[in-house]
Every structure is written in C-alpha cells, then in structure tokens.
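This report looks at how two protein chains meet and at some of the features within each of them.

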Amino acid sequence: MSAVARYFHSRAVTLGLCTRNNTRHFSTSLPLCELRHMSRVNVVDNSDLGKNAKTSGKPARIVHVYNKQGVARIGDKVLLALEKQKVKGIIVGCKQKQKHMIPKFDSNNVVLIDEEDTPMGSRINVPIPSVLRKKEELAKILAISSRFV
Amino acid sequence: MLFNPRAFYRSYDRPQKGHEKVPSWTIEKHRDSPLNATRVESERLRHAAPTEFRYIFPEFLPHPDWKKRDRVAEKLQRRDMLRRRLVLDIPEFYVGSILGVTVADQHVPSKQSRFVGICIHRDGHGLRANFTLRNHIDGQGVEIKYDLYNPTLQNIEVLKLEKRLDEELFYLRDAPATHSTITFDRKPETLPLGATVPVNMKKIPLNPPPWTQRWEKREDLKGIDLPELPEKRMRKLSQIVKPWEKYDLMKEYRKNISEEEQNEIFKEVVQHHTRVEKKRHQERLKRMT
C-alpha cells in the first residue's frame with residue numbers, strides 16, 4: 001500500500017484528532033474492503049496459474065468486474081490479470097463485512113475459470129460459502145470444493 | 001378556503017400558541033428526571049429481579065440513547081423474544097465462549113449445517129441481537145455473524161462457557177491461527193452447578209504488523225500482548241490517549257440503562273419464566289399420571 005493509502009486507511013485518524021492549532025480535519029471512512037479494479041486477490045484452487053501467481057510475488061489483480069456496480073461480491077465473475085495473462089475467475093470469499101449468516105473470510109479468495117465456466121483447477125482446499133449453492137452456473141466449481149461453511 | 005400546504009406543514013412543525021405538542025424524545029429524556037412529579041417510587045424496586053440478568057440477557061436492554069428509544073416497540077420486541085425463547089433454548093454465553101450453531105440450510109441433504117467457533121463480538125438490542133463466531137478452517141479464517149432470534153437458527157450450543165479480558169476479540173484476526181482454531185467435533189464442557197463464569201486471563205500475542213486496526217491505540221483492550229513497535233508509531237499515542245475517560249461518570253451514565261428501568265424489564269422476564277416453569281411442571285405431572 002502506498003504511503004497515501006496507508007494514511008487514509010487507518011481509523012485512528014478519526015479516533016485521535018490533532019491537538020495542534022490550525023489543523024484541518026477531514027473524515028475518513030472505515031475500511032470497506034471492497035473488491036474493485038486493481039484489487040489483489042488470492043487464487044484458491046490448485047491450478048498451475050494460481051500457484052505461479054502466489055510464488056512469483058505478483059498476486060492476481062482484478063481488472064474488470066462483470067456487474068453494473070463495479071464492486072465484486074461473493075459469487076461474482078471477474079477478469080483477473082496474472083502471469084501476464086487475462087483470466088476469468090469467480091469470487092469465492094470476501095474480506096468485506098457480510099450480511100447475517102454469510103461467512104466473512106480473512107482473505108479475498110478467487111477460483112479461476114475458463115471461457116466455458118469450467119474451473120481450471122481440480123480441487124479447492126479452502127471452505128466455500130454455502131450461499132453459492134443457490135447459483136446453478138457455479139455447479140462445476142461446487143463440484144470441486146472440499147468443504148462448505 | 002383553498003388548502004395551503006406551506007401553512008399546513010409550518011403549523012405541524014411549529015405548533016400554534018396554545019396547541020403545543022411536546023415531542024416524544026423530550027418526554028423520554030425527562031422521564032427519569034427527579035423533577036418529574038408523576039414518578040411513582042419503590043413499588044417497582046421492591047420486587048427487583050436478580051442483578052445477573054443484565055449480563056445473561058443483554059439484548060433485553062434497550063439502546064441507551066434516548067433519541068433512539070421507542071417503548072412500545074421495545075415491549076413488543078421483548079414479548080416476541082420471550083416467545084422465541086419458549087421454542088429455542090438460547091443459552092447464556094459471553095464473548096470468548098465457544099459455541100456450536102446449527103442452521104437450517106436448504107442446499108444440504110440433511111437440511112442443517114453446523115458451524116463451531118469462538119464468539120468474538122456480541123451486539124444489537126431486542127430482536128436485532130447478534131453474535132459473531134470465528135474459526136480457522138483448512139488454513140482459512142472464517143467469521144459468521146448470526147442473528148440470535150432468527151427462526152432459521154435451530155440450535156445454539158455452548159461448548160465452553162467462559163469470558164475473556166475484553167468485550168470484543170477482533171484482534172484475533174491479527175493473531176496466530178492457533179488462537180482462533182476450534183475443532184468441529186469438540187465436546188461440550190459443563191461447569192458445576194452454581195459456579196461463576198470463569199475469566200480466561202490469556203494475553204494474545206499478535207502477528208508482526210501491518211494489522212487490520214491500530215491495536216496499540218486501543219488502551220481499553222487488556223487481552224493483547226503488544227510487540228515492540230517503532231518509536232515513530234508510538235509517538236502519536238500521547239496525543240490520542242484519554243486517561244480521564246475512566247473517571248467520566250456522565251459518560252458511564254449515558255452508556256447504561258438505569259437500575260430501576262433494568263429491574264422493570266427483567267421483572268417481565270422473571271414473570272415469563274415462572275409462568276413457563278409452572279406450565280412445564282403441570283405438564284410433567286399430567287404425563288406421570
């Protein structure tokens with residue numbers, strides 16, 4: 001995170017207002033942890049592309065969100081840039097605050113898919129939210145998941 | 001005479017002389033005032049409920065901000081909460097306790113799914129009461145927030161009843177995974193009858209920064225074992241620290257519901273429980289004969 005982003009990121013700015021004279025106060029929002037353009041995500045299946053992205057030190061980044069809001073949530077399709085390629089993926093876990101009974105994960109997880117919506121890996125070792133079972137288009141991804149939460 | 005909307009709504013906001021209407025929040029604010037001549041003393045206090053109830057049923061207490069209060073809504077919610085408690089046993093638990101929650105899930109063949117975790121937060125008043133469970137599964141930290149009075153909750157089981165040094169454990173997100181890992185097949189531990197709830201005095205060591213929050217600035221959290229931080233980061237602490245807050249009586253007053261009101265609320269709970277116990281006793285007798 002850049003120095004500017006770090007400065008805006010901390011909630012402590014609102015907690016501890018400057019006691020010096022002639023200071024300008026500005027409000028900062030709480031960290032929303034939204035997945036947008038250029039957000040880094042963690043590839044969670046056992047595909048080769050995903051493993052290379054983790055080890056190379058250049059994590060996968062969201063380059064386009066396939067919805068009208070521009071904010072990716074659990075179950076949304078996204079276009080990722082990793083290993084100098086453009087690959088599609090499905091968001092399978094969010095750090096963002098979730099509604100009641102929907103799990104919130106410690107990392108933003110994504111599963112890579114190809115043009116026919118078939119997952120590129122053969123197994124997902126991380127728990128998948130049970131809400132995704134409602135979506136029929138994710139059936140192939142749910143078939144390779146090991147555990148539901 | 002034509003209807004003049006401007007005049008009509010002006011009179012609604014600012015009533016004419018002789019037709020003043022006191023706003024409900026002003027009444028609420030002055031309800032407990034000693035200057036209120038209509039206040040009836042001590043009849044209520046004579047039949048006070050056990051003082052532990054405010055810790056066992058914290059969601060029965062209303063929002064401390066009088067601007068957000070609605071007594072009719074609160075009473076109706078309390079009635080619904082007690083009716084729900086007839087159907088489902090909602091146990092006593094605290095932040096730091098380990099719970100197992102079974103939820104109705106239409107996508108599972110058994111139509112039920114279970115989640116086990118440590119309670120890191122408890123929030124909400126009335127029917128909005130909720131709690132958050134945290135666990136580390138397959139190397140992934142997972143947190144789920146549950147509404148206490150949601151009808152799809154089928155079972156809430158306390159696997160370990162204990163308290164921690166803090167009222168919220170969000171710092172577990174920045175702590176090693178071992179402190180949040182709870183096995184799903186954990187057996188419930190029961191405390192002996194009449195025992196007080198034990199306080200786990202564990203101090204959690206944090207991972208090296210960066211963290212999700214600036215934990216060094218949270219002087220109210222006692223359960224953190226802070227690591228060595230650079231001097232530049234610690235410099236700002238002297239400006240932020242508020243040592244006078246623990247002596248602020250008015251802040252304490254504003255944050256809490258008065259004891260008299262608490263007794264009134266929990267009297268309803270006690271009455272409800274005695275009624276339920278009586279009914280269950282009668283049913284037991286019927287079954288025996």
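## Salt bridges and a network across the chains

A salt bridge here is a side-chain nitrogen of Lys or Arg within 4 Å of a carboxyl oxygen of Asp or Glu. The model is predicted, and by this rule A:Asp106, B:Arg134, B:Glu143 and B:Arg173 are linked in a network of salt bridges. B:Glu143 and B:Arg134 are both buried.

Over all chains, a search of the whole structure finds 24 salt bridges, and three salt bridges are found across the interface of chain B and chain A.

## The interface between chain B and chain A

The two chains bury about 2300 Å² between them, and 53% of this area is on carbon and sulfur atoms. In chain B, the residues that lose the most area to chain A are B:His107, B:Asp138 and B:Gln140, which together account for 24% of what that side buries. The contact draws 27 residues from chain B and 23 residues from chain A.

Between chain B and chain A, nine residue pairs are in polar contact, counting pairs in which both residues are at pLDDT 80 or more. On the side of chain B that touches chain A, strand E3 (130-137), strand E4 (140-147) and helix H7 (237-240) each supply at least two residues. The largest share of that side, eight residues, comes from E4(B). Sorted by class, the side of chain B that touches chain A has ten nonpolar, eight polar and nine charged residues.

## Two further salt bridges in chain B

B:Arg233 and B:Glu216 form a salt bridge in which the closest N and O atoms are 2.8 Å apart. Because B:Arg233 lies in helix H6 (residues 231-235) of chain B, while B:Glu216 lies in the loop between strand E6 (204-205) and strand E7 (224-225) of chain B, the pair ties together parts that are 17 residues apart in sequence. B:Glu216 has a relative accessibility of 6% and therefore counts as buried.

B:Arg218 forms a salt bridge with B:Asp220, where the closest N and O atoms are 3.1 Å apart.

## Helix H9 of chain B

Helix H9 of chain B runs over residues 259-288, and its 30 residues should span 44 Å at 1.5 Å a residue; the C-alpha atoms at its ends are 42 Å apart, which agrees with that expectation. The buried residues of H9(B) are B:Glu261, B:Gln262, B:Asn263, B:Ile265, B:Phe266, B:Glu268, B:Val269, B:His272 and B:Val276. As a general point for reading such a list, an α-helix has 3.6 residues a turn, so residues three or four places apart point the same way.

B:Gln262, found in helix H9 of chain B, counts as buried because its relative accessibility is 8%. The side chains of B:Gln262 and B:Arg54 are joined by a polar contact of 3.4 Å. When neighbours within four places in sequence are left aside, B:Gln262 is in contact with B:Arg54, B:Leu61 and B:Ile257.

## Chain A and the setting of A:Lys135

Chain A has four helices and six strands, which follow the pattern α-α-β-α-β-β-β-β-β-α when read along the sequence. Of the 149 residues in chain A, buried residues make up 41%. Among the contacts in chain A with a separation of 6 or more, 39% are accounted for by residues 24 or more positions apart.

A:Lys135 is found in the loop between strand E6 (109-113) and helix H4 (139-144) of chain A, and at 28% relative accessibility A:Lys135 counts as partly exposed. Not counting residues up to four places away in sequence, A:Lys135 touches A:Ile74, A:Gly75, A:Asp76 and A:Leu142. The C-alpha atoms of A:Lys135 and A:Ile90 are separated by 12 Å, with the two residues lying 45 residues apart along the chain.

Note on methods
Residues are numbered from 1 along each chain as its sequence is written. Chains are lettered from A and ligands numbered from 1 in the order in which they are written. This is a predicted model: local features need pLDDT of at least 70, side-chain atom pairs count only at pLDDT 80 or more; totals for chains, interfaces and linings use all residues. Side-chain values use heavy atoms; hydrogens and water are left out. The expected span of a helix is 1.5 Å times one less than its number of residues. Buried means under 20% relative accessible area, exposed over 50%, partly exposed in between (1.4 Å probe, protein chains only). Contact means heavy atoms within 4.5 Å. Buried area is the accessible area (1.4 Å probe) that two parts lose on being put together, summed over both. A polar contact is a pair of N or O atoms within 3.5 Å; within protein, one must be able to donate a hydrogen and the other to accept it, and residues adjacent in sequence count only if both atoms are side-chain atoms. Ala, Val, Leu, Ile, Met, Phe, Trp, Tyr, Cys and Pro count as nonpolar, Asp, Glu, Lys and Arg as charged, and the others, Gly among them, as polar.
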